[in-house]
Amino acid sequence: MTEELIGHGVPDIVHTLSIDIVGLALLMPNTGEQKKRLLPGIARSEGAASILFSEPGVGSDLAALETRAERDGDGWRLRGRKVYGMKSHLADFALCAARTSESDVKYHGITLFVVPLKTPGVVVGPLWNLSDERFGDITPAGVRVTRDDVVGDVDGGWEVINYVLGLERTGVEFEAKAARWCDVLLRHAADTGLLTGVSRGALRLAVGRARERR
Ligand SMILES: Cc1cc2nc3c(=O)[nH]c(=O)nc-3n(C[C@H](O)[C@H](O)[C@H](O)COP(=O)(O)OP(=O)(O)OC[C@H]3O[C@@H](n4cnc5c(N)ncnc54)[C@H](O)[C@@H]3O)c2cc1C
């Protein structure tokens, strides 16, 4: 499905982040209320989602994260900084990992929350990369979340995070995008006469062989 959509030029934000990753995460068994609240909207493309795991200095070693969820009555307030959130400036909400309690085992005490992004309690800034792609530099500045926003168990977010990272790692969308860019480039070259007949043929052959090998 993902390959076909991207092959036809559908921007990958809609299905990769919102549906393939966040949507599938919300299909986990104990997310009944969140399924009802969030899935119909993202399925109809009325709301997009993003992932807020990485922090400045916290990447592969994600359990070292420093974003804190501080108790506030029957909920929490999130404070910290998240970086490299893909398409966060377009998203309505995100899965955000934060520490809810301290533990000698760093994988314990982390909770995954559904966090609204278009709210005064969250500042979404740009983080430009070398291409024209824009990441998000997000500061949860005291945004309030409740038990209804917890995905999985309080303090037991590590299990869900591992599941979500597994969903991310298929890479099928990157391969589909690369194939589409090759096709578009070839068509453009043919339409505009950028390439001579000989070099166009050679390029087509090289792209075809590369795609056969994948
Ligand atoms: C295209 C793209 C999209 C992204 N989208 C998101 C997103 O939507 N949300 C989000 O939260 N994050 C996102 N990220 C961030 C990404 O998940 C992090 O880049 C990743 O976690 C690695 O962290 P880091 O860059 O800090 O590298 P580091 O963790 O500092 O690692 C640097 C290098 O050291 C190696 N290394 C690390 N630890 C060890 C070790 N113990 N032993 C041996 N080698 C080690 C790593 O393999 C790597 O080669 C995205 C990144 C990219 C490139």
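**Close-up views of the predicted model**

View A. A polar backbone atom of Met86 is positioned 3.0 Å from an oxygen atom of the ligand. The model shown in this and the following views is predicted. An oxygen atom of the ligand is also found 2.9 Å from a backbone N or O atom of Phe53. On its own the ligand has 970 Å² of accessible area, and the protein covers 40% of it. Two elements, β1 (49-52) and β4 (82-86), each give two or more residues to the shell around the ligand.

**View B. Composition of the shell around the ligand.** Around the ligand are Ile51, Leu52, Phe53 and Ser54, together with Gly59, Ser60, Tyr84, Gly85, Met86 and Phe135. Strand β4 supplies three residues, the largest share of this shell. Sorted by class, the shell contains six nonpolar and four polar residues, and no charged residue is present.

View C. Tyr84 is not a glycine, yet its phi is positive, at about 65 degrees. This residue belongs to strand β4, and Tyr84 is also one of the residues around the ligand. Ser45, likewise a residue other than glycine, has a positive phi near 60 degrees. The position of Ser45 is in the loop that runs between α3 (32-43) and β1.

View D. Leu112 is part of strand β6, which comprises residues 110-116. This residue counts as buried because its relative accessibility is 0%, and the limit for buried residues is under 20%. Apart from neighbours within four places in sequence, Leu112 is in contact with Phe53, Leu95, Cys96, Ala97, Asp149, Val150, Val151, Gly157, Val160 and Ile161. Arg99 lies 13 residues from Leu112 along the chain, and the C-alpha atoms of the two are separated by 8.8 Å.

View E. Helix α2, residues 12-25, contains Thr16. With a relative accessibility of 6%, Thr16 falls under 20% and therefore counts as buried. When neighbours within four places in sequence are set aside, the contacts of Thr16 are with Thr2, Ile21 and Glu173.

**View F. Glu66 in the loop between β1 and β2.** The loop that joins β1 to β2 (68-72) includes Glu66. Glu66 is classed as exposed because its relative accessible area is 59%, and exposed residues are those over 50%. Not counting residues up to four places away in sequence, Glu66 touches Glu55 and Arg79. Val172 is 106 residues from Glu66 in sequence, and the two C-alpha atoms are 31 Å apart in space.

**View G. Overall setting of the close-up views.** The protein has six helices and nine strands, and its C-alpha trace spans about 70 × 35 × 35 Å along the principal axes. Two domains are given by the domain assignment: domain 1 covers 2-170 and domain 2 covers 174-213. Taken over C-alpha atoms, the centres of domain 1 and domain 2 are separated by 36 Å. The protein has 214 residues, 40% of which count as buried. Among contacts in the protein with a separation of 6 or more, 66% are between residues 24 or more positions apart. The accessible surface of the protein is about 11,600 Å², and carbon and sulfur atoms contribute 56% of that surface.

Notes. Residues are numbered from 1 along each chain as its sequence is written. This is a predicted model: local features need pLDDT of at least 70, side-chain atom pairs count only at pLDDT 80 or more; totals for chains, interfaces and linings use all residues. Side-chain values use heavy atoms; hydrogens and water are left out. A residue is near a molecule or strand if one of its heavy atoms lies within 4 Å of it. A polar contact is a pair of N or O atoms within 3.5 Å; within protein, one must be able to donate a hydrogen and the other to accept it, and residues adjacent in sequence count only if both atoms are side-chain atoms. Accessible areas come from the Shrake-Rupley method with a 1.4 Å probe; for residues, only the protein chains shown count as cover. Helices (H or I, at least four residues) and strands (E, at least two) are DSSP runs, numbered from the N terminus. Ala, Val, Leu, Ile, Met, Phe, Trp, Tyr, Cys and Pro count as nonpolar, Asp, Glu, Lys and Arg as charged, and the others, Gly among them, as polar. Domain bounds come from an automatic or database domain assignment. Buried means under 20% relative accessible area, exposed over 50%, partly exposed in between (1.4 Å probe, protein chains only). Contact means heavy atoms within 4.5 Å.
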